Structures are given as structure tokens and as C-alpha cells.
Amino acid sequence: KGTNSFQNVIVNGTALAEDGKKMYKRLQNYPDPAEVMENYGSDALRYYLLSSSVMLAENFNFMESGVKEALRKNNMILWNVYKFYELYAPDLKKEELDSNNILDQWILSRLNQLIKEVTIEMDAYNLPKSVRPIEAFIDDLSTWYLRRSRDRFKSENEEDKQSALSTIKHVLTELSKVMAPFMPFLAETLWQKMTNNNFENKDKSVHLEPWPEAGELDPKLVAEMSEVRKI
């Protein structure tokens with residue numbers, strides 16, 4: 001009594017056919033939903049829709065190619081990162097994050113930046129702005145951090161190798177928590193792998209984990225690394 005019955009409302013727009021017309025069963029002017037799910041999976045479909053303008057109450061032209069792109073840029077790239085880590089995971093002997101390597105420091109700052117951005121936008125009920133930073137982070141993780149660090153995982157410098165392994169384990173574990181509301185199945189599988197639970201305990205799930213808190217962020221390092229990448 002005396003208070004609002006709700007504080008926030010999410011209103012969807014209308015999903016239209018690729019040509020901008022309304023979807024009609026008699027016209028068959030949309031891809032078969034069952035085939036879309038079979039070909040690309042529900043996580044790619046969820047990401048595509050959540051990151052779109054349809055979540056801001058705007059009309060939206062649904063394109064199957066967009067779902068395919070979401071699968072490629074998120075699921076496939078991230079899983080390739082995990083599979084690379086998996087090759088060297090047995091060599092991990094420590095999990096302390098005390099690396100002096102600039103790449104480790106940078107990706108940890110980017111992770112904290114991601115957590116902060118997603119948290120702010122989730123609190124504001126802006127789903128597209130919550131989701132879109134994940135794709136950019138996955139790209140940074142794969143095309144810059146991992147690509148620049150590949151030799152470190154094979155290095156005879158044990159200290160640097162352990163720093164790289166512990167860093168990427170932490171990043172992938174925390175990233176799975178950030179992804180959980182948006183890509184629940186990929187997030188769950190990744191978390192189960194990273195924690196070595198492997199679905200052996202039904203009471204352990206990424207969806208039962210607390211939301212991650214952003215740690216220390218070095219905006220100067222993030223900005224300088226961005227400049228280096230442009231160069």
C-alpha cells in the first residue's frame with residue numbers, strides 16, 4: 001500500500017521478417033525455429049535477440065545470418081580458447097594471481113571492466129548494453145591475449161607459464177558467471193569444466209554462484225593497450 005507494484009518493466013519490440021514485413025505462417029517468410037535451434041543452438045539465438053533493438057521496444061528484422069554470426073563470435077571463439085587452455089591445464093600448479101606480465105595484468109583489468117559494465121547495465125535494465133560487451137571481451141581474450149600468450153603456455157620459464165595458466169583459468173571461470181544470464185548452457189558447461197566439477201554434483205552450478213564483483217581496474221593500462229593494438 002502506498003508503493004508502486006513494480007519499479008521496472010521490460011517491453012519487447014516486434015520481431016519482423018528479414019525484409020521488414022510481419023512474419024506470417026502462410027508466407028513462410030521466416031526460418032523454421034526448430035532448424036535455427038538445431039543449427040546454431042539456443043545460446044546463440046538468445047545472444048542475438050538480447051543484444052538487439054527488439055529488447056528496447058523497437059521493431060527488429062530477424063536474420064538467420066545474425067544468429068550464425070553470434071554463434072561464431074561467441075560460442076565458437078570462446079570454446080576454442082577453452083580447448084587451448086585444456087591442452088595445458090594439467091601443468092597448472094598454482095592459482096595465485098600475482099603476475100608481473102603486462103598481458104596478464106591487462107586481461108584482468110579488462111575482465112574487471114567487463115564485470116563493471118555488465119553490472120551497471122543490468123541494474124539499469126538495459127539488456128542490449130549488458131550483453132554486447134561480452135562479445136568484445138571474448139574477441140580481446142582470443143585475438144589479443146591468447147594470441148600474444150601462446151608461447152608462454154609452452155615456455156620453459158615455469159614462473160611465466162604458471163602466471164599465464166592461472167590468469168586464463170581465473171578469467172574463464174569468472175567470464176562463465178558473467179555470461180550465465182545470457183548464454184546459460186555455454187556458461188554452465190564452461191564453468192563445470194573450469195571447476196573440474198564436470199556435472200558430478202547436481203547442487204553445483206554456475207547458476208547457483210554469486211554474481212562476480214569487479215576488482216581493481218587500471219584504465220590507463222586498458223587505454224594504452226588499445227592504442228598499441230590500433231598501431
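Predicted model: local features only at pLDDT ≥ 70, side-chain atom pairs only at ≥ 80, totals over all residues.

Visitor: Let us begin with aromatic rings. How many aromatic pairs does a search of the whole structure find?

Guide: As a general idea, a pair of aromatic rings is described by the distance of the centres and the angle of the planes. In this structure, the search finds 6 aromatic pairs. One of them joins F84 and Y88, whose rings are 5.3 Å apart centre to centre, with 50° between the planes, and this pair is tilted.

Visitor: Where do F84 and Y88 lie in relation to each other along helix 3?

Guide: An α-helix has 3.6 residues a turn, so residues three or four places apart point the same way. F84 and Y88 are 4 residues apart in helix 3, and therefore about one helical turn separates them. Both F84 and Y88 are buried.

Visitor: Which kind of aromatic pair do F84 and F153 form?

Guide: The pair of F84 and F153 is edge-to-face, with 5.2 Å from centre to centre and 90° between the planes. F84 belongs to helix 3 and F153 to helix 5 (residues 127–153), so this pair ties together parts that are 69 residues apart in sequence.

Visitor: Why does F84 count as buried?

Guide: A residue is called buried when its relative accessible area is under 20%. F84 counts as buried because its relative accessibility is 8%. F153 is buried as well, with a relative accessible area of 0%. Elsewhere, ring pairs link Y48, F60 and F62 into a cluster.

Visitor: May we turn to a whole helix? How many residues of helix 7 are buried?

Guide: In helix 7 (residues 184–194), 8 of the 11 residues are buried, so this helix is largely enclosed by the rest of the structure. The buried residues are P184, L186, A187, E188, L190, W191, Q192 and M194. They pack against helix 2 (42–50), helix 3 and helix 6 (158–179). Just after helix 7, N196 takes a positive phi of about 60°.

Visitor: Where is the place of N197, and is N197 buried or exposed?

Guide: N197 is found in the loop between helix 7 and helix 8 (219–230). Its relative accessible area is 10%, and therefore N197 is buried. Leaving aside neighbours within four places in sequence, N197 is in contact with Q192 and K204. The residue Q192 is itself one of the buried residues of helix 7.

Visitor: What can be said of S99, and in which loop is its place?

Guide: S99 is in the loop between helix 3 (64–88) and helix 4 (102–123). With a relative accessible area of 14%, S99 is buried. A polar atom of the S99 side chain lies 2.9 Å from the backbone nitrogen of N101. Not counting residues up to four places away in sequence, S99 touches D104, Q105, R152 and S163.

Visitor: Finally, how should I read the largest pocket, and which residues lie nearest its centre?

Guide: The volume of the largest pocket is about 200 Å³. Its lining has 13 residues, and Q105, L108, S109, N112 and E216 lie nearest the centre. Helix 4 supplies the largest share of the lining, 5 residues.

How values were computed
Residues numbered from 1 in each chain as written. Heavy atoms only, no water. Helix = DSSP H or I, 4+ residues; strand = E, 2+ residues; numbered from the N terminus. Buried < 20%, exposed > 50% of the residue type's maximum accessible area, 1.4 Å probe, protein only. Polar contact = N/O pair within 3.5 Å; in protein donor to acceptor, adjacent residues only side chain to side chain. Contact = heavy atoms within 4.5 Å. 1 Å grid on protein atoms, 1.4 Å probe; cavity = no way out; pocket = protein on both sides within 12 Å on 5 of 7 lines; lining within 4 Å. Points joined across faces, edges and corners; volume = space filled by probe spheres on them. Phe/Tyr/Trp six-rings, centres within 6.5 Å; stacked < 30°, edge-to-face > 60°.
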